[in-house]
Amino acid sequence: AVAETTHHLHSGTKGFWGPVVAAMIEDGLISSFDELAADTLTEWQDHPRKKTITLRQLLQLNAGLAQDLENLQGHDRPTLADDLYEHAVGLACWFPPGERFAYGPSCYYALGAVLERKLADRGQTPLDYLKERILDPIGVTHGKWVHDDSGNPHIPNGAWFTARDWARYGQFLLQEGTWEGEQIVPAALM
């Protein structure tokens, strides 16, 4: 391996999306971490549990969604759903939101659907926004990102970074959203 070799971050990829939501709050695209996902995922508005799920609960993996690992986990599995975001949006909500932590990909793919819809008017994908708003300003260039058959970036587990770029992103987090004296994402939201 050399300095330019990229490594699959797997679930480390989840660490990008809290700061993305924070940046979207600053940019006026999201009201707060406690915004209801159903404000954007209109198909959740009449569901007794899903209508109460917040973006914070999706980020914290306690929204109560089923995991469906067979159709959502990994990137080279023949059973993967063609559109992982829409598949996650359609999953059952097994538990009342906020009550149980359940590790897995479903919450992050549902979050991906929220971000995708919020950014549609800008002509951006969640990955475009991440790159423009955070990665480019701190000088991170990633090797690749896994996408589903519909073109959606794998939000919970799809990033491949060099060790140097992964460390650079970690330093950005340690510095509470600051890079070279510039506040990229508000520290209070980090």
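Let me start with Arg117, which forms a salt bridge with Glu86, the closest N and O atoms being 3.0 Å apart; by salt bridge I mean a side-chain nitrogen of Lys or Arg within 4 Å of a carboxyl oxygen of Asp or Glu. This pair links distant parts of the chain, with Arg117 in helix α5 and Glu86 in helix α4 (residues 84-89), 31 residues apart. Helices here are DSSP runs of H or I with at least four residues, strands are runs of E with at least two, and both are numbered from the N terminus.

A word on the model. It is predicted, so local features need pLDDT of at least 70 and side-chain atom pairs count only at pLDDT 80 or more, while totals for chains, interfaces and linings use all residues. Residues are numbered from 1 along each chain as its sequence is written, and side-chain values use heavy atoms, with hydrogens and water left out.

Back to Arg117. Glu43 also forms a salt bridge with Arg117, and there the closest N and O atoms are 2.8 Å apart. Glu43 lies in the loop between α1 and α2, Arg117 in helix α5 (residues 106-119), and 74 residues separate them. Arg117 counts as partly exposed because its relative accessibility is 27%; the scale is buried under 20% relative accessible area, exposed over 50%, partly exposed in between, with a 1.4 Å probe and protein chains only. Glu86, at 33%, is partly exposed, and Glu43 is partly exposed at 41%.

Which residue forms a salt bridge with Asp34? That is Arg56, with the closest N and O atoms 2.8 Å apart. Asp34 sits in the loop between α1 (17-26) and α2 (55-59), and Arg56 in helix α2, 22 residues away. Asp34 has 41% relative accessibility and so counts as partly exposed; Arg56, at 33%, is also partly exposed.

Elsewhere, Glu26, Asp27 and Arg133 are joined in a network of salt bridges. The whole structure has 7 salt bridges.

Last, Leu65. Leaving out residues up to four places away in sequence, its contacts (heavy atoms within 4.5 Å) include Trp44, Leu58, Leu91, Cys107 and Ala110.
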